[in-house]
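Please keep the sequence and the structure at hand while reading.

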Amino acid sequence: MNTKLLRKTVLGVAGLAFAGGVIGGPVGTALESPVHAATPVAVVQAEKPDAGKLMPNGVPGSQSRIPLNGEQTANVKAIVEATKKAGMDERAAVVAIATSLQESKLENLGHLGDRNDHDSQGLFQQRPSSGWGTVEQITDPEYSTTAFLKGLKQVDGWQDMPLTQAAQTVQVSAYPDHYAQWEKQAADLVAEHWNS
């Protein structure tokens, strides 16, 4: 009987020691560790460009929208960066992106063979034979955007005119009204990437 009592006592004490270690151990250890105050981190969220500046004439008619893949998104970023480098504002980037959406769906197209419109290539479907640059130049996103923006700068009052009119004055397209359908997506893309 004494052996049983002794065994129960030993097991009971061991159980208490174990429970105390589990419960008291981490707390005791945590209290012994030095306490470090968290350093506050300022999170600065870049402001998105004003919607009124991106689309000063409102949303024109019915709009089209396409999902973008990685290459197309990279081309959007290249257009935004080239616009900033040219010292032009967000509205210029909207006009450029909408133009590229219409001309190439933001894909840097090479020569399309029989399906090609003359010798048009690149994001803006610019033509070497019309003086836009060499094939290598107009298929470079920064160069082709800069060339488009140079043309846009020469359009008096482009900032206040409807996007499709500004784009058409530069591009001289057979379908002058088609640029307007991309204005909302272009504005959304500029709002997303201008300050990123």
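Is phenylalanine 148 buried or exposed? In this predicted model, phenylalanine 148 has a relative accessibility of 0% and therefore counts as buried, the cut-off being under 20%.

## The aromatic pair

A pair of aromatic rings is described by the distance of the centres and the angle of the planes. The count of aromatic pairs in the model comes to one. It is formed by phenylalanine 124 and phenylalanine 148, whose ring centres lie 5.0 Å apart and whose planes meet at 10 degrees, so the pair is stacked.

The two partners come from distant parts of the chain, 24 residues apart: phenylalanine 124 sits in the loop between α4 and α5 (135-138), while phenylalanine 148 belongs to helix α6 (residues 141-153). Phenylalanine 124 is buried as well, with a relative accessible area of 0%.

In soluble globular proteins, nonpolar side chains tend to be buried together. Here the largest nonpolar core has 38 residues, and those with the most contacts inside it are Val95, Ile97, Phe148, Leu152 and Trp158. Helices α3 (70-85), α4, α6, α7 (163-171) and α8 (183-193) each supply at least two residues of this core, and the largest share, eight residues, comes from α4.

Valine 95 shows what such a position looks like in detail: leaving aside its neighbours within four places in sequence, it is in contact with Phe148, Leu152, Trp158, Leu163, Ala166 and Ala167.

Alanine 98 has its place in helix α4 (residues 90-104), and with a relative accessibility of 0% it counts as buried. Beyond its neighbours within four places in sequence, alanine 98 is in contact with Leu163, Tyr179, Trp182, Glu183 and Ala186. Of these contacts, tyrosine 179 is 81 residues away in sequence, yet the C-alpha atoms of alanine 98 and tyrosine 179 are 6.2 Å apart in space.

Arginine 91 also lies in helix α4 and, although its side chain can carry a charge, arginine 91 is buried, with a relative accessible area of 2%. Which residues surround arginine 91, leaving aside its neighbours within four places in sequence? The contacts are Lys53, Leu54, Met55, Pro56 and Asn57, together with Trp158, Gln159, Met161, Pro162, Leu163 and Glu183.

## Helix α7 and glutamine 171

Helix α7 is mostly covered, seven of its nine residues being buried. The buried residues are Leu163, Thr164, Ala166, Ala167, Gln168, Val170 and Gln171, and what covers them includes α4, α6 and α8.

Glutamine 171, in helix α7, is buried with a relative accessible area of 14%. Not counting residues up to four places away in sequence, glutamine 171 touches Thr99, Glu103, Phe124, Trp132, Phe148 and Tyr179, a list that includes both members of the stacked pair, phenylalanine 124 and phenylalanine 148.

Most residues other than glycine have a negative phi, and most peptide bonds are trans.

Glutamine 125 lies in the loop between α4 and α5 and is buried, with a relative accessible area of 14%. Glutamine 125 and glutamine 171 are 46 residues apart in sequence, with their C-alpha atoms 8.8 Å apart in space.

## A charge over a ring

A further arrangement involves a lysine and an aromatic ring: lysine 84 lies over the face of tryptophan 194, at 5.1 Å from the ring centre.

Conventions. Residues numbered from 1 in each chain as written. Predicted model: local features only at pLDDT ≥ 70, side-chain atom pairs only at ≥ 80, totals over all residues. Heavy atoms only, no water. Helix = DSSP H or I, 4+ residues; strand = E, 2+ residues; numbered from the N terminus. Buried < 20%, exposed > 50% of the residue type's maximum accessible area, 1.4 Å probe, protein only. Contact = heavy atoms within 4.5 Å. Phe/Tyr/Trp six-rings, centres within 6.5 Å; stacked < 30°, edge-to-face > 60°. Lys NZ or Arg CZ within 6 Å of the ring centre and 35° of its normal. Core = buried A, V, L, I, M, F, W, Y, C linked by side-chain atoms within 4.5 Å.
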